[in-house]
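User: Hey, I'm new to this one. Can you walk me through it?

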Amino acid sequence: MIGILADTARDAELVRRAVAGGVRMIHTANDLAAPDLDIECLVFSSRSGLLAERIALLREVERRLPWVPVILVTDREIAVAPLLSRVQVADLVWFEDVERQLAVRIESACSASALLKLAEKIRRSTVPPALRSALVYSLREARRTPVRNVQELAAAVGCAPVTLFQQFQARARGRTTLNRFLGALSILRAQQLRATGAKWKDVGAQLGLPRETLRRKAKRWPGCNLLELERIPPDQLLAAFASEHFAPLLDAPRSDPDGRSRFADAPPSPSS
């Protein structure tokens, strides 16, 4: 369900028409504490002339709903820019673009929020510390610019690539690989960017991956070309990632009678 908080009934209706699925109207800060509040994303609609007065409420949303992405809908005016430095929002949509862009931006924001939730599950798991830090980092970065390969990930978290390979292999037990995990995160983000109207060439430039590389990654997972990738519902693609590449990491590896993992001494496979 999508929450809508708007300055006026007219703006609330404008947003509601652009939202696919169920909505819940939120009128005051007290509504944010409702025990039955179950929203995936909050669309905060405010005209530029009133936005300065609404910053406090935006901060209250951040405090009370830290895991809920907020999309700000406002006017395309220069005066808005300095106000945005005082708050954090998942995305920004101009009123004039609501009908064309809002639904896509909501899908993207919900996916990003889901990745944060997956990162939190890993952080609380029994995954070995080095791998745990690397996976949390990769899931968080995937909301913006995904890590492109294991070497880049290892450098970012200060760990040897071979350590990450070995620990991931032992944890996943052959159901996926670290390269495939990272490649799938890139595909998730690429699909989000493409859905905003960006050309594949521009998507690749933003991710630091040539179009041909994106094509190869999509062929590996989920097993399609880029045109077919565009047609997969984002929630289905995210669910497939969670099932195929994330779930295996939460299952503790089986051990031999001496308590050692069956894969503890297995050699790394950087090319897999």
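User: Which helices each supply at least two residues of the lining of the largest pocket?

Analyst: Those are α2 (48-64), α4 (98-123) and α8 (178-195). Keep in mind that this is a predicted model.

User: Okay, and which one gives the most to that lining?

Analyst: That's α4, with 6 residues in the lining of the largest pocket.

User: How many residues line the largest pocket, and which lie nearest its centre?

Analyst: There are 24 lining residues, and P69, V89, A90, D91 and R143 lie nearest the centre.

User: What about the volume of the largest pocket?

Analyst: The space in the largest pocket comes to about 580 Å³.

User: And how does its lining split by class?

Analyst: The largest pocket's lining has 13 nonpolar, 5 polar and 6 charged residues.

User: Now the second largest pocket. What's its volume?

Analyst: About 450 Å³ for the second largest pocket. It is lined by 22 residues, and E40, I106, E107, C110 and S111 are the closest to its centre.

User: Which helix has the largest share of that lining?

Analyst: α4 does, with 8 residues in the lining of the second largest pocket. Both α4 and α12 (234-250) supply at least two residues there. By class, that lining divides into 13 nonpolar, 4 polar and 5 charged residues.

User: Switching topic: at what angle do α6 and α7 pack?

Analyst: Helix α6 (residues 150-157) and helix α7 (residues 161-172) pack at about 110°, and their axes are 9 Å apart. Angles from 65 to 115 degrees count as roughly perpendicular, so α6 and α7 are roughly perpendicular to each other.

User: Which residues meet there?

Analyst: From α6 you have V150, Q151, L153 and A154, and they meet P161, L164 and F165 in α7. The contact of α6 with α7 has 6 nonpolar residues, 1 polar and no charged ones.

User: Last topic, T74. Where does it lie?

Analyst: T74 is in strand β4, which covers residues 70-74.

User: Is T74 buried or exposed, and why?

Analyst: T74 counts as buried because its relative accessibility is 0%, and the cut-off for buried is under 20%.

User: So what does T74 touch?

Analyst: Leaving out residues up to four places away in sequence, T74 touches S46, R47, S48, L51, V80, L92, V93, W94 and F95.

Definitions and conventions
Residues are numbered from 1 along each chain as its sequence is written. This is a predicted model: local features need pLDDT of at least 70, side-chain atom pairs count only at pLDDT 80 or more; totals for chains, interfaces and linings use all residues. Side-chain values use heavy atoms; hydrogens and water are left out. Axes are lines fitted to C-alpha atoms, for helices over the stretch in contact, and angles run from 0 to 180 degrees between N-to-C directions. Helices (H or I, at least four residues) and strands (E, at least two) are DSSP runs, numbered from the N terminus. Angles under 35 degrees count as roughly parallel, over 145 as roughly antiparallel, 65 to 115 as roughly perpendicular and the rest as oblique. Contact means heavy atoms within 4.5 Å. Ala, Val, Leu, Ile, Met, Phe, Trp, Tyr, Cys and Pro count as nonpolar, Asp, Glu, Lys and Arg as charged, and the others, Gly among them, as polar. Buried means under 20% relative accessible area, exposed over 50%, partly exposed in between (1.4 Å probe, protein chains only). On a 1 Å grid over the protein atoms alone, a cavity is a set of points where a 1.4 Å probe fits but cannot get out, and a pocket is an open set with protein on both sides within 12 Å along at least five of seven lines; lining residues have an atom within 4 Å of a point. Grid points are joined across faces, edges and corners, and a volume is the space filled by probe spheres set on the points.
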